[in-house]
Amino acid sequence: MRKLFIFIITVFFIQPVISLGSDEAISKELIENAKRSYKQVVKLNNPWRDTKKIIKKAEKAHNSKKYQKSIRLAKEALNQAQMAIEQHNSQKDSYRFLDY
């Protein structure tokens, strides 16, 4: 009975530590993916206004060890970058007044 109790206590206290490490890794990877996608959007000359700001906020949250907030912001920035790429692809054959 005592071994079972020690096992349960050990699992209970170690589980949050393991999940913190994985949140940190997920956050870092999502931020890197968002940066990579944003660089691609800048090369296409179609960046959205807030994407870079959101990436900076995600990095700040990551550095403050607020990984859940960082993950949420990085996902939002990644989504915006991907939507900007889709927008470019759907409108690349259209006439763009500001480019000329």
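Which residues does alanine 81 touch, not counting residues up to four places away in sequence? Select alanine 81 together with Ser37, Tyr38, Val41 and Thr51, for these are the residues that it touches; contact here means heavy atoms within 4.5 Å.

The model is a predicted one, in which local features need pLDDT of at least 70 and side-chain atom pairs count only at pLDDT 80 or more, while totals for chains, interfaces and linings use all residues. Residues are numbered from 1 along each chain as its sequence is written, and side-chain values use heavy atoms, with hydrogens and water left out.

**First stop: alanine 81**

Remain at alanine 81, which belongs to helix α3, residues 67-91. Helices are DSSP runs (H or I, at least four residues), strands likewise (E, at least two), and both are numbered from the N terminus. Alanine 81 has a relative accessible area of 1% and is therefore buried. The classes are buried (under 20% relative accessible area), exposed (over 50%) and partly exposed (in between), computed with a 1.4 Å probe on protein chains only.

**Second stop: the whole chain**

Display the whole protein as a cartoon. Three helices and zero strands make up its secondary structure, and the pattern along the sequence reads α-α-α. Of the 100 residues, 27% are buried. Among contacts with a separation of 6 or more, 73% are between residues 24 or more positions apart. Switching to a surface view, one sees an accessible surface of about 8000 Å², 58% of which belongs to carbon and sulfur atoms; such areas come from the Shrake-Rupley method with a 1.4 Å probe, and for residues only the protein chains shown count as cover.

How many salt bridges does the structure hold? There are three, a salt bridge being a side-chain nitrogen of Lys or Arg within 4 Å of a carboxyl oxygen of Asp or Glu.

Select lysine 35 and glutamate 59, whose closest N and O atoms are 2.4 Å apart in a salt bridge. Lysine 35 lies in helix α1 (residues 2-43) and glutamate 59 in helix α2, so the pair ties together parts that are 24 residues apart in sequence. Lysine 35 is partly exposed at 36% relative accessible area, and glutamate 59 is partly exposed at 24%.

Next, select aspartate 50. Arginine 49 forms a salt bridge with aspartate 50, with 3.0 Å between the closest N and O atoms. Arginine 49 is exposed at 69% relative accessibility, whereas aspartate 50 is partly exposed at 26%. Aspartate 50 also forms a salt bridge with lysine 53, at 3.9 Å between the closest N and O atoms. Through shared partners, Arg49, Asp50 and Lys53 are joined into one network.

**Last stop: lysine 60**

Finally, select lysine 60 in helix α2. Is lysine 60 buried or exposed? Its relative accessibility is 61%, so lysine 60 counts as exposed.
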